[in-house]
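I'll start at the ligand, then go through the pocket and the backbone.

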Amino acid sequence: MDPSTTNVNRPRGLVDVSKDENGVPRVLLLSPRGASAIVSLHGGQVRSWKTESGEELLFTSSKANLKPPGGVRGGIPICFPQFGSRGCLEKHGFARNRIWVIEDNPPPLQGTDSSSGAVINLLLKSTDDDMKLWPHSFEFRLRVQLNADNHLILTSRVWNVNGKPFSFSFAYHTYFSVSHISEVRVEGLETLDYLDGLRNKERLTDQGDALTFESAMDRVYVGCPGPVGVFDHEKKRTFLIKKEGLPDVVVWNPWDKKSKAIPDFGDNEYKQMLAVDAAVIENPVTLKPGEGWTGRVELAVMPTLG
Ligand code: TA6
């Protein structure tokens, strides 16, 4: 697809490609009911997800550096081929920094409903430079769909295209916009084990209540079987996170002290965000040559009942 300005009328949704202020193609997805999402080819990153009344649901820092090749603080960065820092690979991997391409005719993805809403298919392939950092040949297909119910659905498919087996970890590092962090409660992680990033990744067990926030949190909940709910009391709004192929859930808020140490994050912006990531971290995925892996997350937003 020519990324200059293409306008494609879909049966029940619209896809529009233009360029951002840095000349990087970005894709506007419009659902039939008027919700929207923006996906940048820089990182294959969802940068915006808005309700039909135009309310932004994802947080982006006012200090975010939008220029490639750095990562953009906000939206949904793709962490691949690793979450966190290990070896010589950059933190959270290189996928979020690369320029992806639009793929017009990707191989069919089983279990997805392409008839509903607006859809874009992106592709990232390993380059010679990537191979110096991570010597594995892969194809990463990312499908972003805003469906007829205004759900945002991200499906990632990673293929080992040749060579030897490789392993990777992965996260949809999702920055939710919240009214105030003190008004937020997270349900669905009760009684699970987590690796505490604030205690040298010590393995602890959640006490069984819904999560609320009074200080910094940086946890990887492992083996989370069901959906996760993020309730915003002030906004009377709930985000529902459903996931497949993604057993782990990251919960992160830097709070005041760490916020001041992050250059592309405002000192007080921790009050307006909560990162809750569908991920695969504790037991990395291993792919033999010719094998593929799929990880899907579906994000819905709805009024809180009661
Ligand atoms: O758990 C989330 C986390 O790994 C935190 O430790 C925090 O640093 C965050 O990701 C953001 O990482 P980034 O590389 O985008 O600064």
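How far does a polar side-chain atom of Arg 73 lie from an oxygen atom of the ligand? I looked it up, bearing in mind that this is a predicted model, and got 2.8 Å.

I went on to two other side chains. For Arg 96, an N or O atom in the side chain is 2.9 Å from a ligand oxygen. For Asp 218, a polar side-chain atom lies 2.6 Å from an oxygen atom of the ligand. Next I checked how covered the ligand is: on its own it exposes 390 Å², and the protein buries 87% of that.

**Entry: the shell**

I listed what surrounds the ligand. Arg 73, Arg 96 and Asp 218 are in the shell, and so are Phe 83, Lys 91, His 92, His 173, Val 250, Trp 252 and Lys 258. I sorted the shell by class and got five charged, three nonpolar and two polar residues.

**Entry: the pocket**

Which pocket does the ligand take up? I find that its space is the largest pocket. I noted a volume of about 850 Å³ for that pocket.

At least two lining residues each come from strand S11 (166-172), strand S14 (193-196), strand S16 (217-221), strand S19 (248-253) and strand S20 (273-287).

Away from the ligand list, I went through the peptide bonds and torsions. Pro 68 and Pro 69 are joined by a cis peptide bond, with omega about 10 degrees. I placed Pro 69 in the loop that runs between strand S5 (45-50) and strand S6 (78-79).

I have another cis bond between Phe 80 and Pro 81, where omega is about 5 degrees. Pro 81 sits in the loop between S6 and strand S7 (101-102).

Last one for the page: what is phi of Asn 150? I get a value near 70 degrees, which is positive in a residue other than glycine. I found Asn 150 in the loop between strand S9 (138-146) and strand S10 (152-160).

Conventions
Residues numbered from 1 in each chain as written. Predicted model: local features only at pLDDT ≥ 70, side-chain atom pairs only at ≥ 80, totals over all residues. Heavy atoms only, no water. Near = heavy atom within 4 Å. Polar contact = N/O pair within 3.5 Å; in protein donor to acceptor, adjacent residues only side chain to side chain. Areas by Shrake-Rupley, 256 points an atom, 1.4 Å probe, with all protein chains shown as cover. 1 Å grid on protein atoms, 1.4 Å probe; cavity = no way out; pocket = protein on both sides within 12 Å on 5 of 7 lines; lining within 4 Å. Sits in = over half its atoms within 2 Å of the grid points. Nonpolar A, V, L, I, M, F, W, Y, C, P; charged D, E, K, R; others polar. Points joined across faces, edges and corners; volume = space filled by probe spheres on them. Helix = DSSP H or I, 4+ residues; strand = E, 2+ residues; numbered from the N terminus.
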